Amino acid sequence: MPSIVTVQNLRKAYAGGFEALKGVSLDIEEGEILALLGPNGAGKTTLISTICGITVPTSGSIMVGGHDTQTSFRAARDLIGLVPQEINLEPFETVFNTVRFSRGLFGKPRNDAYVEDILKQLSLDDKKDSKIMMLSGGMKRRVLIAKALSHEPRVLFLDEPTAGVDVELRKDMWEVVARLKASGVTIILTTHYIEEAEAIADRVGVINKGEILLVQDKADLMAQMGQKQLQIALSDAISEIPNTLNSYALERSDDGLHLTYSYDTTGERTGITTLLNDLQASGLQMKDIQTKQSSLEDIFVGLVKEQA
């Protein structure tokens, strides 16, 4: 797929010398959902703000739909919708007027039918005449998305869109994002919720300390970097692992009743068969065996630890 957003060697340094972005390069493919993961202070919001023109870069270039954000800012910005972390809405205005006003800010002609269609997509059609102050937190976040879509952007940035939203509403938001993707909108999502990336992303990017650690297809990432664990429950507790099993790098639980064996899912041989034979030969009696796949969270934590 062609790239709709291209970031090259992007740096953002502040007067005190702090570098929020350190030579970030990133290609965002048209029509994809890219989840950008990173701990607090990693540079996620700075990256989005710089692409959207809110923050001025120190150096580097950004292209959106073929337009340079520095030399053709208006053309580039017209292609972008931004849903910020903060909920900042006029409390006494109605939902419909709020979204219609945002469309006008971008110089788009009045199109009430389009605004009503957006509200319907976001399950806000029955709230269109309600004042913002009467809405729940989850509904207000939907209004923010409607505002961001009001001028028909091709790229939508969602900066922590489900922060402070309960689990049920979060899943509703995932469905909204899936529908937006189906309509052809490219979506970049920053999140602290690992399960959010696992549920809806096509690709996952990990950023930490102002640097992109990787950007990769979610399924490939989990297949290549994920490990499986064989968890063995023993009939009797052991105080130490027999020396004959040292080559397997087993981990013993604190109560001595469980052993854990980690193996690479991409390896030609897992070593499980020989391990089970050696366990029996060592005199250990197995009560139960089960496997566990590494999650995206395990992978993310491992990457961040490597950079620390």
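## Aromatic cluster

Tyr248, Tyr261 and Tyr263 form one aromatic cluster in this predicted model. Rings of Phe, Tyr and Trp (its six-membered ring) pair if their centres lie within 6.5 Å; planes under 30 degrees apart count as stacked, over 60 as edge-to-face and the rest as tilted. By this rule there are two aromatic pairs.

Tyr261 counts as buried because its relative accessibility is 8% (buried means under 20% relative accessible area, exposed over 50%, partly exposed in between, with a 1.4 Å probe and protein chains only). Tyr263 is likewise buried, at 9%.

## Open sheet

Six strands form an open sheet of mixed pairing, in the order β6-β7-β8-β3-β9-β10; two strands pair if DSSP finds at least two bridges between them. Helices (H or I, at least four residues) and strands (E, at least two) are DSSP runs, numbered from the N terminus. The edge strands, β6 (80–83) and β10 (211–217), each pair on one side only. Between β6 and β7 (residues 155–159) the pairing is parallel, over four bridges, and Gly81 stands opposite Leu156 in β7.

## Basis of the values

Residues are numbered from 1 along each chain as its sequence is written, and side-chain values use heavy atoms, leaving out hydrogens and water. Local features need pLDDT of at least 70 and side-chain atom pairs count only at pLDDT 80 or more, whereas totals for chains, interfaces and linings use all residues.
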